[in-house]
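Student: I would like to go through some salt bridges and the terms used for them. Please set each value against its definition.

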Amino acid sequence: MYNYEMTASEAHGRRPRNAAATRTAILASARRAFARSGYDGAGLREIAADAGVTAMLVNRYFGSKESLFAEVCADAMRDPVILSPQNLSAPDFAAALARAMVQVTTPAATPLDGFLILLHSASSPRAAEIGREWIARGHQSTLEAAIGGSLSRERAGVVLALVAGLQVMRQMLAIPALAEADPADLEALLTSAVRALIEPEA
């Protein structure tokens with residue numbers, strides 16, 4: 001049996017929405033809103049309206065804006081692009097990471113949702129705390145396990161900082177030295193830098 005919830009659209013005679021679909025719609029709307037405006041700038045009414053539900057229903061599903069933000073962070077990290085299973089298992093891990101970093105930070109392309117969400121929410125102490133928790137559980141933990149060895153925590157952190165910095169400098173600010181560089185040259189430079197971090201004994 002399906003579980004249906006009353007949404008804002010039902011008041012206008014539309015068909016009831018499945019509860020799972022409603023939750024997914026709210027999460028997708030919140031992800032867009034937090035990526036666009038950050039934690040402090042996104043409002044529950046805005047998120048609800050975009051999902052076609054009421055703010056009351058958002059609270060019923062997620063409890064609070066803080067809890068919704070945590071769910072969005074988890075959702076954004078669920079399918080990693082740079083630390084994908086394919087890259088993690090690549091014969092040349094450093095080269096695969098470097099190639100992915102160049103592809104993900106293509107100038108004029110929209111940065112990854114997860115990056116935008118954390119960037120635009122960093123000024124909120126609580127949102128930053130939640131972001132740190134999910135980075136530690138997700139990308140940091142994954143990369144630490146993949147590289148192993150001494151100082152794996154610190155080395156993984158530097159690699160993640162390199163990814164974030166490249167997104168800001170090449171993709172968002174379009175610094176000419178990076179935005180106008182030959183992708184193959186960037187890939188070669190990044191491969192050397194990443195290899196030095198993940199394979200220090202080499």
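Student: How do you know that R126 and E129 are about one turn of the helix apart?
Tutor: Both lie in helix α8 (residues 125–147) and are three residues apart. Helices here are DSSP runs (H or I, at least four residues), numbered from the N terminus. This is a predicted model: local features need pLDDT of at least 70, side-chain atom pairs count only at pLDDT 80 or more, and totals for chains, interfaces and linings use all residues. Residues are numbered from 1 along each chain as its sequence is written, and side-chain values use heavy atoms, with hydrogens and water left out.

Student: Why is the contact of R126 with E129 called a salt bridge?
Tutor: The term requires a side-chain nitrogen of Lys or Arg within 4 Å of a carboxyl oxygen of Asp or Glu. The closest N and O atoms of R126 and E129 are 3.0 Å apart, so the pair qualifies.

Student: What makes R126 partly exposed?
Tutor: Buried means under 20% relative accessible area, exposed over 50%, and partly exposed in between (1.4 Å probe, protein chains only). R126 has 30%, so it counts as partly exposed. E129, at 35%, is also partly exposed.

Student: Why does D113 with R31 count as a salt bridge?
Tutor: Their closest N and O atoms are 3.0 Å apart, so the pair meets the cut-off. This pair links distant parts of the chain, with D113 in helix α7 (residues 113–121) and R31 in helix α1 (residues 19–41), 82 residues apart.

Notes: Helix = DSSP H or I, 4+ residues; strand = E, 2+ residues; numbered from the N terminus.
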